[in-house]
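Reader: Before we discuss the terms used for this model, could you show it, and then take me through what each term rests on?

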Amino acid sequence: MYLSDMHTHSIASGHGTTCTISDMAKKAAQNGLKLLGITDHGPGTLAAGTPSYFRSLTYSPKKRFGVELLYGIELNILDTEGTVDLEEELLSRLDYAIASMHSQNYKSRTREENTLAFLNVMKNPHVKILGHCDNPHYPVDYDALVAGAKEHQVLLEINEASLAPYGYRGDTRANNLEILRCCRKYDAPIVLSSDSHGSGHIGDFTYAAEFVHQAMFPERLIYNNQIPKLKVFLQTR
């Protein structure tokens with residue numbers, strides 16, 4: 001059982017999700033989580049979080065139903081320069097940011113260009129997790145990616161929604177194996193993420209956990225249960 005889930009989406013992300021942050025926290029408590037990250041999609045995603053929404057998170061309760069909450073964002077990577085869709089002033093108010101490629105905002109380019117976009121976004125001190133970089137539609141150089149993550153203190157995630165049968169990214173297993181191989185090589189930590197849109201899959205790492213265990217990935221490099229270390233990692237600029 002893992003105690004934290006740092007990639008989840010509430011009603012503010014759109015996509016038909018109707019769960020409030022309180023709904024998410026209540027479900028997290030029922031599932032035994034101690035730490036929950038709310039990371040709604042950035043303004044570049046249709047019908048998602050607005051700048052005023054992310055500004056308001058500063059005033060939201062840091063604990064609900066006994067679960068500690070961190071408030072972040074899933075940023076959209078916009079170009080190979082690593083430009084993102086929320087300004088620095090608002091990013092500095094949030095606890096951390098995930099950076100991801102989504103087709104609405106970033107059209108896949110060459111392997112070298114996609115890798116460059118990830119490497120550049122990791123230079124942003126607020127970006128602490130790379131979101132679903134296992135996506136086969138966005139080929140990247142995982143060796144370079146993980147070396148960059150190690151340098152800039154960024155976590156790669158093993159995304160439950162990518163590996164589960166209900167996922168829509170295609171077969172990501174080969175890419176996830178390469179992520180784990182490179183993370184082992186560079187002694188770089190990871191997190192398991194549900195990427196739950198709504199409360200239905202919060203803390204559900206059924207396929208992600210099985211995958212990392214079958215790959216014999218070191219438990220010491222999975223930060224979900226190392227909450228003090230995870231919090232320091234996420235909040236170190």
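Author: Axes are lines fitted to C-alpha atoms, for helices over the stretch in contact, and angles run from 0 to 180 degrees between N-to-C directions. Helices (H or I, at least four residues) are DSSP runs, numbered from the N terminus. This is a predicted model, in which local features need pLDDT of at least 70 and side-chain atom pairs count only at pLDDT 80 or more, while totals for chains, interfaces and linings use all residues. Residues are numbered from 1 along each chain as its sequence is written, and side-chain values use heavy atoms, with hydrogens and water left out.

Reader: Why are helix 4 and helix 5 called roughly parallel to each other?

Author: Helix 4 (residues 111-121) packs against helix 5 at an angle of about 5 degrees, with the axes 10 Å apart. Angles under 35 degrees count as roughly parallel, over 145 as roughly antiparallel, 65 to 115 as roughly perpendicular and the rest as oblique, and therefore helix 4 and helix 5 are roughly parallel. Their contact (heavy atoms within 4.5 Å) joins T115, F118 and L119 of helix 4 to A144, L145 and G148 of helix 5.

Reader: What makes helix 5 oblique to helix 7?

Author: Helix 5 (residues 142-152) and helix 7 (residues 173-186) pack at an angle of about 45 degrees, their axes being 9 Å apart. That angle makes helix 5 oblique to helix 7. In this pairing Y142, D143, V146, A147 and K150 of helix 5 meet residues of helix 7 including I179, C182 and C183.

Reader: Why is C182 called buried, and why is Q30 called exposed?

Author: Buried means under 20% relative accessible area, exposed over 50%, and partly exposed in between (1.4 Å probe, protein chains only). C182 has a relative accessible area of 0% and is therefore buried, and C183, also at 0%, is buried too. Q30, which is found in helix 1 (residues 21-30), has a relative accessible area of 55% and is therefore exposed.

Terms used. Helix = DSSP H or I, 4+ residues; strand = E, 2+ residues; numbered from the N terminus.
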